Amino acid sequence: MNFLQRLRESLARFMIGRHGPDNLGMFTLLAGLACSLLGSFTGIGLFSLVGFASYVWTVFRMFSRNNDKRIAENRKYIELTSNWKLKSSQFVKRMKNSKDYKYFKCPNCKVLLRMKRGSGERDITCVRCGHQFKAKS
């Protein structure tokens, strides 16, 4: 067994029962890198300090044995960011299809509906709540 294999096995034994990397950890690591680079380029020490604190927090979370708390933190982060990711991907999709479809929001439940352009004024039935309203494409 060579040196790298022994090092890998000893690191694996060390990490047993510890939390390890997750989505929030990757975000804090990249945010720390961005702050450190910003601090280096601007010369403002506060950015470098925030970057270092972010690194320390990331390492603390990775080596923590309190898995329940780290999982709850990561779950909260995913809940906060998933809505933003969904809305941004839907916006990009709407922009790509804007020549072919016109988009409407249901006045009752606010779900996003689409109608083929050039089909005139029609009654639209919401797929979620069944509310009917007129719209012109």
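Is R70 buried or exposed, and what is its relative accessible area? R70 is buried, with a relative accessible area of 4%. The model is predicted. In this model R70 belongs to a network of salt bridges that also includes D22, R61 and E73.

**Salt-bridge network**

- Side chains of opposite charge can pair when their charged atoms come close.
- The count of salt bridges in the model comes to four.
- R61 pairs with D22, and the closest N and O atoms of this salt bridge are 2.9 Å apart. Because R61 lies in helix 3 and D22 in the loop between helix 1 and helix 2, the pair ties together parts that are 39 residues apart in sequence. R61 and D22 are both buried.
- R61 also forms a salt bridge with E73, again with the closest N and O atoms 2.9 Å apart. This pair links distant parts of the chain, with R61 in helix 3 and E73 in helix 4, 12 residues apart.
- With a relative accessible area of 1%, R61 falls under the 20% cut-off and therefore counts as buried.
- E73 meets R70 in a further salt bridge, at 3.0 Å from N to O. R70 and E73 are three residues apart in helix 4, so about one helical turn separates them.

**Helix 2 (23-42)**

- Helix 2 has 20 residues. Its first and last C-alpha atoms are 28 Å apart, close to the 28 Å expected at 1.5 Å a residue.
- The buried residues of helix 2 are L24, G25, T28, G32, S36 and G39. Seen down the axis, these buried residues fall within an arc of 105°, so they line one face of helix 2.
- That buried set packs against helix 3 and helix 4.
- L30 and F41 are exposed on the other side of helix 2.

**Helix 3 (45-63)**

- Helix 3 has 19 residues, which should span 27 Å at 1.5 Å a residue. The end C-alpha atoms of helix 3 are 27 Å apart, in agreement with that value.
- G51, S54, T58 and R61 are the buried residues of helix 3. They lie on the same side of helix 3, because they cover an arc of only 90° around its axis.
- The partners in packing for these buried residues are helix 2 and helix 4 (67-96).
- On the other side of helix 3, the exposed residues include L46, L49 and F52.

- G25 is placed in helix 2. Its relative accessibility is 6%, so G25 counts as buried.
- Which residues does G25 touch, not counting those up to four places away in sequence? G25 touches T58 and R61.
- G25 and R61 are 36 residues apart in sequence, while their C-alpha atoms are 7.1 Å apart in space.

**Nonpolar surface patch**

- Which residues form a nonpolar patch on the surface? The patch is formed by L11, F14, V59 and F63, which together have about 350 Å² of accessible area.
- Helix 1 (3-15) and helix 3 each supply at least two residues of the nonpolar patch. L11 is located in helix 1.

**Positive phi values**

- G43 follows helix 2 and has a positive phi, near 80°.
- K110 has a phi near 65°, a positive value in a residue other than glycine. K110 sits in the loop between strand 1 (101-105) and strand 2 (112-116).
- K110 has a relative accessible area of 55%, which means that K110 is exposed, the cut-off being over 50%.

Definitions and conventions:
Residues are numbered from 1 along each chain as its sequence is written. This is a predicted model: local features need pLDDT of at least 70, side-chain atom pairs count only at pLDDT 80 or more; totals for chains, interfaces and linings use all residues. Side-chain values use heavy atoms; hydrogens and water are left out. Patches are made of residues with over 30% relative accessible area and no salt bridge: like charges are joined within 9 Å, nonpolar side chains (Val, Leu, Ile, Met, Phe, Trp, Tyr) within 5 Å. Accessible areas come from the Shrake-Rupley method with a 1.4 Å probe; for residues, only the protein chains shown count as cover. A salt bridge is a side-chain nitrogen of Lys or Arg within 4 Å of a carboxyl oxygen of Asp or Glu. Helices (H or I, at least four residues) and strands (E, at least two) are DSSP runs, numbered from the N terminus. The expected span of a helix is 1.5 Å times one less than its number of residues. Buried means under 20% relative accessible area, exposed over 50%, partly exposed in between (1.4 Å probe, protein chains only). The arc is that of the directions from the helix axis to the C-beta atoms. Contact means heavy atoms within 4.5 Å.
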